[in-house]
Amino acid sequence: MASTIKDVAKLAGVSPSTVTRVLQDKSSISEATKKKVRKAMETLNYHPNVNARSLASKTTNVIGVVLPKDSDVFYQNSFFPEVIRGISQIAADHQYSIQLCTGQDHKQRLAILKDTILGRRVDGLIFLYGETEDPLVDFAIEQEFPSVIIGKTVSPLISFVDNNNEKAGFDATNYIIKKGAKSIAFIGGRDQLFVSRERLNGYKKALKEHGFEVNEKLIAQVDEFTREHGYETIKNLLAEGPIDGLVTADSLFTEGAVRYLNEKHIQMPMITFDSVQPSVHIDAYVDIHTLELGRSAFKILRNVIKSNNSQNMMCYRQIVSHSIKEM
């Protein structure tokens, strides 16, 4: 026979209402009591009825993770599984499940998001990207729905966690300059992505600080982070003139670029951005600490949800540090 809340309360030496408040992770319950109750739950193999709790508390204990459009890029890029792992680690500690939200295009993704929000299928949302204009984020803001962006936003009405990507772009370029490079190319994503725009700004600032001219012909911004784009882009950039250093905004670009350079027996110092060591040999990468981005995003969202329940929804801003790791 399955254990009940009363069984847990008896074993933990507390009232059934205290067990309920522990399940809801109420701040009024001490950490010592929470540990005692959770230990009793583990001993009795007690699993709360999530549906019943949801009806009583008007919560789902589910968060939605909003992905970019469903494409091969998502499955190839190490950033997304790593950041979801970070979110999952903290979500599990607080008995939250994760629901992925995506679609083939903006129209389908927006329709799915509207159903998710209006149907109250989740308690909050984490967007895994930040764009200058995004109808999905706009809808979440209009509905005053608890949300967090991993990335930048210009809206003061939504929380975000991000790196200082302009500083990271500056540091990456400065690293290549110190390697003796003077004609440095930059391969980044489309300008609508805040992360690409800010890393490019940092690249330009580093060049100017060292007295180098910013050569727009050595800058490429492409739609998708793929190896194929990296391969073709470095090929096209080299056709514009000599290059003796390379900064890429994503490691998939780098893998494609390295393949082309190896084919042509060209060597130059290179750096990229990632959270894990790239699979190809380059000089260094900027570790953006993706796991911490995911963990921080969930912690912030949980605070936003709590403040929304008190009818005083707050917005939070957090910057996660980066570091350069040589290979």
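Trainee: What do the buried residues of α3 pack against?
Mentor: The buried residues of α3 pack against α1 (5-12) and α2 (16-23), where contact means heavy atoms within 4.5 Å. Helices here are DSSP runs of H or I with at least four residues, strands are runs of E with at least two, and both are numbered from the N terminus. This is a predicted model, in which local features need pLDDT of at least 70 and side-chain atom pairs count only at pLDDT 80 or more, while totals for chains, interfaces and linings use all residues. Residues are numbered from 1 along each chain as its sequence is written, and side-chain values use heavy atoms, with hydrogens and water left out.

Trainee: Which residues of α3 are buried?
Mentor: Thr 33, Lys 34, Val 37, Ala 40 and Met 41 are the buried ones in α3, with buried meaning under 20% relative accessible area, exposed over 50%, and partly exposed in between (1.4 Å probe, protein chains only). They cover an arc of only 125 degrees around the axis, which puts them on the same side of α3; the arc is that of the directions from the helix axis to the C-beta atoms.

Trainee: And what does the face turned away from the buried side carry?
Mentor: That face of α3 carries the exposed residues Ala 32, Lys 35, Lys 39, Glu 42 and Thr 43. An α-helix has 3.6 residues a turn, so residues three or four places apart point the same way.

Trainee: OK, new topic: how many disulfides does a search of the whole structure find?
Mentor: The search finds zero disulfides, a disulfide being a pair of cysteine sulfur atoms within 2.5 Å.

Trainee: Where is Thr 254, and is it buried or exposed?
Mentor: Thr 254 is found in helix α12 (residues 251-263), and it is buried, with a relative accessible area of 1%. Leaving out residues up to four places away in sequence, Thr 254 touches Thr 248, Thr 272, Val 280 and Ile 282.

Trainee: What lies 3.3 Å from a polar atom of its side chain?
Mentor: The backbone oxygen of Asp 250 lies at that distance from a polar atom of the Thr 254 side chain.

Trainee: Switching to rings, how many aromatic pairs does the structure hold?
Mentor: The structure holds six aromatic pairs, where rings of Phe, Tyr and Trp (its six-membered ring) pair if their centres lie within 6.5 Å, and planes under 30 degrees apart count as stacked, over 60 as edge-to-face and the rest as tilted. One of them is the tilted pair of Phe 186 and Tyr 203, at 5.1 Å centre to centre with 40 degrees between the planes. This pair links distant parts of the chain, with Phe 186 in strand β6 (residues 184-189) and Tyr 203 in helix α10 (residues 194-209), 17 residues apart. Phe 186 counts as buried at 0% relative accessibility, and Tyr 203 is buried at 1%.

Trainee: Why is the pair of Tyr 231 and Tyr 260 edge-to-face?
Mentor: Their ring centres are 5.2 Å apart and their planes are at 90 degrees, so the pair is edge-to-face. Tyr 231 lies in helix α11 (residues 227-240) and Tyr 260 in helix α12, so the pair ties together parts that are 29 residues apart in sequence.

How values were computed
Polar contact = N/O pair within 3.5 Å; in protein donor to acceptor, adjacent residues only side chain to side chain.
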